[in-house]
Amino acid sequence: SSGINAEYGELGPDNEDDKKLVALYELVWSFCEVLFIEHLPGGCVLPYLMELMQWHFPQPVETLNDVLSFEEPMEHPKFWDCIVSLLFQGQINEALALLKITPDGGELCSFLEKMPLLNNFSGHSLSEFKISWSMWQENCKQNLESANFVLDQSVDILEILCGTLDAFIKYKDLAQTWYHLMTSYLLYTMPTVTVVTLHHQAKEMMGIYKDYLNPLDEILFSAM
């Protein structure tokens, strides 16, 4: 906590950063809960991490409401950023709502609608999920090679579904932090990730944000 206090000051009734500081403490505690307490069968942690990102970074859904308030949602300046942000948080149904109105929506929605999600795979073994998910993404990659989309943004969307790192780096500002981008990247590359293998992924993502790190980043990284 000393690192966070050094960055934001001591907690006190007159400190304008109190709410921000409390939110940071909650984030650290929530991360520790996910890493050390709450695991799915097989030690999978991604569904909990994704839930954590949705809770601490509500902007994508807030932007979605603003986009949908437009008579022509595609004319909203943050239309495509909103789709990417929703995909980054695993907000699949919300992303589909916007993708359906795009010129390439039919094809993109067909991929996204078929995406296996770990928290929706009850009644099946982890091995069955891994096979289903691998087959789904291989199909995405095959179609990426032959895709003939009307819009360049559609290629970006399919590259995200394929787990292409460059696509995530391109939109890293939407994730805001390395741990948000890490969670998003794992959703499309290693959805059955466990705590044991999380450290390597965290180190790689911290490297992408190396010029923007703060004491909180070091604290969260040290917990992994």
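His56 counts as buried at 19% relative accessibility, where buried means under 20% relative accessible area, exposed over 50% and partly exposed in between, with a 1.4 Å probe and protein chains only. The model is a predicted one, in which local features need pLDDT of at least 70 and side-chain atom pairs count only at pLDDT 80 or more, while totals for chains, interfaces and linings use all residues. Residues are numbered from 1 along each chain as its sequence is written, and side-chain values use heavy atoms, with hydrogens and water left out. The place of His56 is in helix 3; helices (H or I, at least four residues) and strands (E, at least two) are DSSP runs, numbered from the N terminus. Not counting residues up to four places away in sequence, His56 touches Ala23, Glu26, Leu27 and Ser30, with contact taken as heavy atoms within 4.5 Å.

Turning to the fold as a whole, the protein has 14 helices and 0 strands. Of its 224 residues, 46% are buried. Among the contacts with a separation of 6 or more, 59% join residues 24 or more positions apart. The accessible surface comes to about 11600 Å², and carbon and sulfur atoms hold 51% of that area; accessible areas come from the Shrake-Rupley method with a 1.4 Å probe, and for residues only the protein chains shown count as cover.

The C-alpha atoms of Gly43 and Val195 are separated by 7.1 Å, although the two residues are 152 residues apart along the chain. Beyond residues up to four places away in sequence, Gly43 touches Val193, Thr194 and Val195.

The largest nonpolar core has 69 residues, and those with the most contacts inside it are Phe31, Leu112, Trp178, Tyr179, Tyr188 and Leu198. Such a core is a set of buried Ala, Val, Leu, Ile, Met, Phe, Trp, Tyr and Cys residues joined through side-chain atoms within 4.5 Å. Helix 5 (residues 79–88) gives this core its largest share, 8 residues. For Leu112, leaving aside neighbours within four places in sequence, the contacts are Leu87, Ile92, Ala95, Leu96, Leu99 and Leu161.

Leu161 also belongs to the buried residues of helix 9 (residues 152–161), together with Ser154, Asp156, Ile157, Leu158 and Ile160. These buried residues pack against helix 5, helix 6 (92–99), helix 7 (105–113), helix 8 (126–146) and helix 10 (165–170). Just after helix 9, Gly163 takes a positive phi of about 75 degrees.

Helix 12 gives a clear case of burial. Because 10 of its 10 residues are buried, helix 12 is largely enclosed by the rest of the structure. The buried residues of helix 12 include Trp178, Tyr179, His180, Tyr185 and Leu187. Trp178 has a relative accessible area of 1%, and Tyr179 is buried at 4% relative accessibility.

These two residues lead on to the aromatic pairs. The structure holds 8 aromatic pairs; rings of Phe, Tyr and Trp (its six-membered ring) pair if their centres lie within 6.5 Å, and planes under 30 degrees apart count as stacked, over 60 as edge-to-face and the rest as tilted. Trp178 and Tyr179 form an edge-to-face pair, with 5.5 Å centre to centre and 85 degrees between the planes. The rings of Trp178 and Phe221 have centres 6.4 Å apart and planes at 75 degrees, so this pair is edge-to-face. Trp178 lies in helix 12 (residues 178–187) and Phe221 in helix 14 (residues 215–222), so the pair ties together parts that are 43 residues apart in sequence. Both Trp178 and Phe221 are buried. Ring pairs link Phe57, Trp178, Tyr179 and Phe221 into a cluster. In a further arrangement around a ring, the charged end of Lys172 sits over the ring of Tyr209, 5.6 Å from its centre; a charge sits over a ring if NZ of Lys or CZ of Arg is within 6 Å of the ring centre and within 35 degrees of the ring normal.

The cysteines complete the picture. The structure holds 0 disulfides, a disulfide being a pair of cysteine sulfur atoms within 2.5 Å. Cys162 is in no disulfide, and the nearest cysteine sulfur, that of Cys140, is 5.2 Å away. Cys162 is buried, with a relative accessible area of 5%, and Cys44 counts as buried at 1% relative accessibility.
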